[in-house]
Amino acid sequence: MENENMESNESIIKVDNLQTSFFTHKGEIKAVDGVHFDVPAGKTLGIVGESGSGKSITSLSIMRLIDDPGRIKGGEIIFKGENLLEKSEAEMRSIRGNKISMIFQEPMTSLNPVYTIGDQIAEAYQIHEGTSKKEGLRKAVDMLKLVGIPSPERRVKAYPHELSGGMRQRAMIAIALACDPELLVADEPTTALDVTIQAQILRLISRLQDELGMSMMLITHDLGVVAETCDYVAVMYAGKIVEYADVYTLFSNPKHPYTVGLLKSLPRHDIDQDELEVIQGMVPRPDNLPEGCRFAPRCPFARDMCHERLPDLEDLEGGNQVRCWIHTDQWDGPEVNVKDDYGSAQSSTS
Amino acid sequence: MTTDLLKVQHLKQYFPIKGGILGRKVNDVKAVDDISFEVKAGETLSIVGESGCGKSTTGRAILRLDEPTSGEVEFGGKDLLSLSKAEMRKMRKDLQIIFQDPYASINPRQTVRQILGEAMAIQNVLPKKEREARIKELMTTVGLGEHQIDRFPHEFSGGQRQRIGIARALAVDPKMIICDESVSALDVSIQAQVLNLLRKLQKELDLTYLFISHDLGVVRHISDRVLVMYLGKIVEIADKKSLFDNPKHPYTKTLLSAIPVPDPSIEKDQIILKGDVPSPIDPPTGCRFHTRCPFATDKCKDEDPELRTNDDLMQDGHRAACHYIEEIESGEMQPNY
């Protein structure tokens with residue numbers, strides 16, 4: 001029993017107190033500021049947030065793809081027992097595209113326009129598996145077949161511009177999966193695609209995940225995509241995780257006012273809504289973050305303590321981890337049910 | 001009795017493709033291919049569809065930002081396509097547009113005061129002396145402060161910039177606004193603010209919207225009626241409720257089922273389409289959706305279906321362009337995936 005529990009809790013990657021900053025002439029910009037999470041083996045963790053929340057910088061930090069003036073300032077990224085932040089650049093190169101792969105939002109800018117699709121898949125395979133070019137191209141055909149590109153023998157010779165957006169994203173996935181990675185980091189993989197194509201790609205990704213037993217991190221702003229593909233969700237706001245839970249708990253019982261606001265401000269195509277709830281104001285500038293809770297200036301429940309002190313991410317009974325004073329013993333305001341009271345609190349403050 | 005403010009008939013917009021050594025026209029991109037619809041005064045009609053379906057082209061053709069190939073566009077009883085350039089410019093006082101990217105559609109070297117002032121000067125609304133007060137009023141209307149009047153666009157966030165775009169459209173006191181993906185570039189929390197603002201303004205100022213969007217969630221929220229386009233053609237048009245609850249065209253059904261629902265406890269029956277949208281240069285014969293449609297037959301390959309209704313199955317005003325509305329509804333025809 002205990003053994004079984006251990007297994008299901010085993011995580012492929014564990015991020016601890018990750019801090020990534022950009023050092024500009026305006027001073028330090030803390031894009032990712034003390035982020036903790038882990039991805040259980042074989043599962044999908046979704047990281048959601050709006051522009052500037054630090055979600056993409058988190059994924060780039062895991063790949064160690066942060067360039068000047070950015071720097072990973074501190075923390076640990078433990079991948080299968082080893083800290084990626086202590087690896088040399090050469091060691092990282094043998095991990096990237098091999099054990100950890102990444103797919104990006106815009107396939108046209110991440111594919112090389114002057115090489116054929118086949119060459120680009122073969123390249124990854126040759127480098128990491130040390131095979132011949134011929135072998136690599138054979139693998140490329142297999143991979144294109146796997147990701148559902150019709151007539152793969154012909155398409156290995158195609159250049160990126162000869163493919164449609166959906167096909168290009170499939171090709172990107174083929175490159176990423178060529179070396180059988182253990183972790184796939186997908187940064188907004190379907191954001192640039194039309195919905196019918198998005199549905200195809202999401203279905204493809206989850207099918208491949210089942211077949212290959214990969215773990216996945218999905219970075220997205222789209223709560224619908226999260227609900228359909230993820231097992232666990234971390235909500236980020238201004239460089240910090242504000243809520244973490246399994247996907248069912250997060251959507252049925254969100255605890256952080258930001259998560260609640262985000263869900264309520266989303267126009268739904270499947271139900272009628274009268275007026276959309278809004279989140280007042282806007283995301284704080286990263287070079288000028290509020291002192292206390294970073295969401296406090298926009299939060300309808302905020303009190304003095306919220307503006308003064310930053311709460312920790314704490315475990316709640318329902319299974320959520322939440323960074324909010326309301327759910328602590330120290331809360332000095334009236335009792336609040338964030339989900340039910342959000343609307344009325346919102347209208348009384350605005 | 002509501003009247004039609006905008007009436008579009010048999011609108012076609014072909015863009016020539018030039019090729020060969022002589023640069024002759026070799027073919028056309030049939031971006032919009034013979035569509036007709038009306039927008040009633042005071043309502044919001046949305047046009048939805050995926051990239052390349054012709055929704056934005058339709059908006060631009062109505063405003064004559066691109067000259068349509070053929071068809072008729074009647075606005076407030078006037079035939080827009082017969083107007084001279086100068087007359088059309090005057091007409092745009094009543095018919096405004098808000099674009100997707102507020103950064104690209106606002107002059108970065110002008111302050112908000114200049115942006116709004118210029119719009120009024122061009123259309124000659126209000127005597128000069130009163131414009132200043134009106135600009136301040138507009139700022140408040142769209143939820144920006146009067147004190148921000150002398151700022152430049154880069155000093156605002158994306159959502160605020162879109163509010164400037166809205167204020168500019170409102171500056172000339174239009175009857176109708178075409179919103180072309182006007183909230184698509186915004187984060188959800190900001191998008192909700194702008195959507196609520198658009199709805200509030202519609203009530204207060206009695207505006208009519210033609211709302212162009214790819215996002216069916218947004219469309220359900222803001223529309224009275226919805227028009228679905230695929231490859232330059234209208235495939236379905238209906239009341240919002242009727243369209244979302246009782247879609248009849250297989251494409252509309254797929255589109256609705258493809259949208260991810262932000263609720264993991266809902267198990268949906270997702271229809272996954274085969275392949276990509278075909279090229280509008282050589283669109284498929286017959287029904288343009290037949291190459292991807294799970295119900296397609298030989299008839300669909302040959303005959304272009306008309307927009308039609310069925311009184312037993314569809315509400316008043318609900319029309320779909322499919323040969324097999326009845327057969328699909330009764331289950332007589334089964335999808336072939």
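Modeller: Start with β9(A). A:Tyr232, A:Ala234 and A:Met236 on one side are buried, and so are A:Val233, A:Val235 and A:Tyr237 on the other. Both faces of the strand are covered.

Colleague: What makes a residue buried?

Modeller: Count the other C-beta atoms within 10 Å of its own, with C-beta atoms placed from the backbone. With 20 or more the residue is buried, with 12 or fewer it is exposed, and in between it is partly exposed. In β9(A), residues 232–237, six of the six residues are buried, so the strand is largely enclosed by the rest of the structure. In chain A, 49% of the 350 residues count as buried.

Colleague: Why do the residues of a regular strand fall on two faces?

Modeller: Side chains alternate between the two faces of the sheet in a regular strand.

Colleague: What kind of model is this, and how are its parts numbered?

Modeller: This is a predicted model: local features need pLDDT of at least 70, side-chain atom pairs count only at pLDDT 80 or more, and totals for chains, interfaces and linings use all residues. Residues are numbered from 1 along each chain as its sequence is written, while chains are lettered from A and ligands numbered from 1 in the order in which they are written.

Colleague: How do you know that β9(A) pairs with β10(A)?

Modeller: Strands (DSSP runs of E, at least two residues, numbered from the N terminus) pair if DSSP finds at least two bridges between them. β9(A) and β10(A), residues 240–246, have six bridges, in the antiparallel sense. One bridge joins A:Tyr232 to A:Asp246. Two residues lie between the strands of this hairpin, where A:Ala238 takes a positive phi near 45°.

Colleague: Which strand pairs with β9(A) in the parallel sense?

Modeller: β3(A), residues 44–48, over four bridges. There A:Gly46 stands opposite A:Val233.

Colleague: What makes chain A as compact as a globular protein of its length?

Modeller: The globule rule is 2.2 Å times the number of residues to the power 0.38, and the radius of gyration is taken over C-alpha atoms. For 350 residues the rule gives 20 Å; chain A has 21 Å, which is close, so the chain is as compact as a globular protein of that length.
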